[in-house]
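Colleague: I'm new to this one. Could you walk me through how to read its features?

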Amino acid sequence: MLFLKIVAILFGVLVVSCFSLSAYLFRFACRRDGRGNEYENLERLKKNGLSQYADTIKEGFESFHAAEKEDVYITSRDGLRLHGYLIPHEDAKGTIVMIHGWRSRVAYDFSAIWKKYYAMGYNLLGIEQRAIGGSEGKYICFGAKERYDLIDWVKFLNGRFGEEAPVIFSGISMGCSTVMFAIGNEELPKNVVGAIADCGFTSAWDEFCYLLKNSYHLPKFPFLYIAEGFARLFCGFSFRACNSTETLKNTKIPVLFIHGEADNFVPLEHTLKSHAACASRCELLTVKDAEHGMSYLVDQDNADKKLTDFLNSLTKKNECES
């Protein structure tokens, strides 16, 4: 009898421990907590041994904040007020929508590239994804709900610039995954003409499996299954709700995939799978020695040429069809 009581107590402790750790993982991944402003991210970058890029990034996000722009808003389908920054171009050839990564900011993630986009003649819309920055929301949904937010931002642009004005997505990390989930959706407006997909994960489930194993040295069972249960209960989405290897089978727009070969946060394998699954015209740029989200900074000359050629190809195609 005593033995059974001890076994029952140990089992109870194990169950409570599993649920507690899974709850922590869920909150860390999904719940809004205010982390991720530009200066915090910059300090993290320096600690990770990438201080040689700090000045470029700092100048980029500070100049973004200093630029003349509009605060714009939409209401999501579940009633959240979502915030974005609009930088209109006087003679725009279209609009590039910039979508940031997990717990980051658009000014930081696009610090090195936003001026290039603007100089090429595009309006810029930098959106803040739900539960981050100036957008409402309690939980980050890893693209499952953000894909519809992105589609609704296009509808906002169409109300502002017209339904014939070209729109191009540029997403990095989780923002890239949001893009890949959106461009295979049947609701995607027809004036979305291309996408730049930089270092996105195939699915939240795949990404968490990788991080649990490599960062926490934990198995996916039972922790990820329990954390997913919390996501279903509190956020109304599943970590397996979207997978780019499925959504990209339905896309018709050109995609430029970018990924750093030294990425140890979202491994290169994710983009290789997405690229292989893409049904539309697509190109791939991998950058040697580039860590997560750093491809443009590590090999700017090559990335510049690839981006310029890709964007010009979209513009030419649109001019021929108009």
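Modeller: Take the lining of the second largest cavity: four residues are nonpolar, one is polar and four are charged. Here Ala, Val, Leu, Ile, Met, Phe, Trp, Tyr, Cys and Pro count as nonpolar, Asp, Glu, Lys and Arg as charged, and the others, Gly among them, as polar. Keep in mind that this is a predicted model, where local features need pLDDT of at least 70, side-chain atom pairs need 80 or more, and totals for chains, interfaces and linings use all residues. Residues are numbered from 1 along each chain as its sequence is written, and side-chain values use heavy atoms, leaving out hydrogens and water.

Colleague: What lines the second largest cavity?

Modeller: On a 1 Å grid over the protein atoms alone, a cavity is a set of points where a 1.4 Å probe fits but cannot get out, and lining residues have an atom within 4 Å of a point. In this case the lining is Leu82, Ile127, Glu128, Gln129, Arg130, Glu146, Asp149, Leu150 and Trp153.

Colleague: Which helix gives the largest share of that lining?

Modeller: Helices are DSSP runs (H or I, at least four residues), numbered from the N terminus. Helix 6 (residues 146-161) supplies four of the lining residues.

Colleague: At what angle do the axes of helix 6 and helix 7 cross?

Modeller: Axes are lines fitted to C-alpha atoms over the stretch in contact, with angles from 0 to 180 degrees between N-to-C directions. Those of helix 6 and helix 7 (residues 174-182) cross at roughly 75° and come within 8 Å.

Conventions:
1 Å grid on protein atoms, 1.4 Å probe; cavity = no way out; pocket = protein on both sides within 12 Å on 5 of 7 lines; lining within 4 Å. Helix = DSSP H or I, 4+ residues; strand = E, 2+ residues; numbered from the N terminus.
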